[in-house]
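Student: I have a model to look at and would like to know how its terms are applied. Could we go through some of them?

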Amino acid sequence: MRAHQGGEAEEKKAGRRRWRPLRRIDYPRRGRRGVRRWLPSWRQLLLVSGAGAVALTGLAAWFYTTTRVPEDLNAFATQQNNVYYWADGTEMARIGETNRQEVPLDQVPESVQWAVLSAENETFYSDPGISLKGIGRAIYTMATGGDTQGGSTITQQYVKNTYLNQHQDMSRKLSEVVIAIKLDQRMSKRDILAGYLNTSWFGRGSYGIERAAAAYYGKDVSQLNPSEGAFLAALLKGAGQYDPALGADNHQRAEERWSWILDRMVEAGKLSAAERAGYTVFPEPLPQPKAAGLSGQVGYLVDMARTYVEGHSDITQAQFDLGGYQIHTTFEKPKVDALAASVREATKGIDPDNREADKLLKVGAASVALDGRVVALYGGPDYRKQGFNNANTSTVPIGSAFTPLVYAAGLSQGVQRERGGSRTPVAPTTSYDGDNGVNVMTPEGPYWGRDGKIVKTANDGKRNWGPTSLRGAVEQSVNGPMMQLAMDVGLDKVQQTAADLGVLPSSMGELVPAFGVGNSTPSAIRAADAYAAFAAGGSRTDPYSVLRITRNGEPLTLRLPTAVQALSAAAAGEVDAALKGAVRNGSAKSVAEAGPDVAAKPGATVDRTAGWSVGYNGHLATAVTVFRADLKDMKLLSLEGVGGAAPDTPDSELPTRIWTSYMKAAG
């Protein structure tokens, strides 16, 4: 002790004082041992917490003081059309104009106002412009890595619509909160509500409730009843998810939210129970009109390009509707025109007015470059008459045009004929029984169907081919060996190969013997893209329809697909050889006139509901499908007798004629 005191005395004498901050706050704590030495005291905790609170308060005060309400609104008046360009840079279509018309709040029925308030912000007239509970929920979601959403009052949404962008990040959220508080002090609630209703996006290119009333009900907003107002209020949650015209799921969501909003209005005392009882039938909006300038094939192309942009960029539907974008597509006008001309020429003899078999006939086709670019498609006779895109449907079975994918799976993965046994390779020369009506086998014995009968192979025309090599089965379109090969490879492994080649999970057929002969339903686009891998040495790229996008000349980020090796070069080469053999002396001989070095496979289904022709040349893969269906329920009908053809005419005959004509013209 004396030594220590002496040391301190010597320091004082030398005029020096040592600063020991940790000792002053007693950390680590003296007189404590083990873990307790490192545990802070309650005084220390209070000190640190207090300092943190002061710092946060200061930061919040600084942010509040420095964040100003912008002087200018987002400039709706300067918005432009979206312009779509062909692959060569020439203009393809100029679509839309910001559809907005401002109306005073007095013109909006009070019931419609309260439908919106009940759905979005019931406490609007009493809150300070923000919801502390909602903000807390949003901050927690952001902090835990979730989507930045929810918690916004109508004032905050108005701020986001008119002063800020739509990006979901912490900085934008904080700015939104501060500006909302200041705006609530500066503007009346009625002015804020009017601004919100006049700037919100309701879908169908409509900004503001006046144009929404016209787009969905063909009337002025002042003529809306509470039921219609409740539906329009539902759209504020996301028109892309609640416009009934966009699909059955949307319709169900819209009806459920519409009903919920009406119930909320009753709870809020803004709609009597008696009035609510009068609104039990969903107020169906008008069908969505087709935009001008989208006739012929252009509408299908624009739809596909827009969908691609929305799925592969950060641009929202609402932002897209504001316009000003330049979309440079992959579509080549000469090829689009050639494909449409080939369909028109091949279907001249179709007479739905006088031939029952020709009614409801549909043709879909797509042409894809080996690098995944969709260069042409045929979606239907005219987009403005039929908005449904036949080239992008996923309800039509591909039939025997699927067998090259089975062949690829066998070459890549071998077969396993004994349960638990080793896999053995197969080769193009491996022989299978090509007769019709052969039992389909599993390692345990025959495969029994749900009808209690043994499943048997079924060749076109019930022809018996005898022992047939796998390559010969592809060339001659012998279904039996390919059905059994799929079983021997393993249906799950064939499915994996199909997925690697780009067949989407949603279009995969049931894993039963029919899977091997095409119960899957890939679109013409996906079928063409899968075949492109056989021509590209096994390399495959997801199909894409947009090369780049700009806004007012400034490039925007667009996520484009990259090539993947879906098959080994050796396996792809063997499939390519079989498909070229089919053209030389097999089932695809009729396409030989399309040009040198073409490879192709016709396709049909056992129940005669779909006909296909899929193939490629050195740089382009094309798929054509023909089917009959009422687009209301997509129930497929028989193709027998289409165009007056004899009953034994292959269902692949019409799509093969279209394919040959187009590939010859496209070069």
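**Strands, a helix and a cavity**

Tutor: Start with strand 1 (residues 82-85), which in this predicted model runs parallel to strand 6 (residues 325-329), with three bridges between the two.

Student: What makes strand 1 and strand 6 a pair?

Tutor: A pair needs at least two bridges. Strand 1 and strand 6 have three bridges, so they pair. In one of these, Val83 is partnered by Gln326.

Student: How do you know that strand 1 also pairs with strand 2?

Tutor: Four bridges join strand 1 to strand 2 (residues 91-95), and at least two are required, so this is a pair as well. These strands run antiparallel, with Tyr84 opposite Ala93. Five residues lie between the strands of this hairpin, where Gly89 has a positive phi near 95°.

Student: Why are both faces of strand 1 called covered?

Tutor: Asn82 and Tyr84 on one side are buried, and so are Val83 and Tyr85 on the other. Buried means under 20% relative accessible area.

Student: Why is helix 4 described as mostly covered?

Tutor: Helix 4 (residues 110-120) has eleven residues, and ten of them are buried; Trp114 and Leu117 are among them. The buried residues pack against several helices, including helix 6 (154-162) and helix 12 (248-267).

Student: What makes the lining of the largest cavity mainly nonpolar?

Tutor: Eight lining residues are nonpolar, none is polar and one is charged. Arg526 is in the lining, and Arg counts as charged. Helix 21 (residues 524-535) gives the largest share of the lining, four residues. The volume of this cavity is about 40 Å³.

Technical notes: Residues are numbered from 1 along each chain as its sequence is written. This is a predicted model: local features need pLDDT of at least 70, side-chain atom pairs count only at pLDDT 80 or more; totals for chains, interfaces and linings use all residues. Side-chain values use heavy atoms; hydrogens and water are left out. Buried means under 20% relative accessible area, exposed over 50%, partly exposed in between (1.4 Å probe, protein chains only). Contact means heavy atoms within 4.5 Å. On a 1 Å grid over the protein atoms alone, a cavity is a set of points where a 1.4 Å probe fits but cannot get out, and a pocket is an open set with protein on both sides within 12 Å along at least five of seven lines; lining residues have an atom within 4 Å of a point. Grid points are joined across faces, edges and corners, and a volume is the space filled by probe spheres set on the points.
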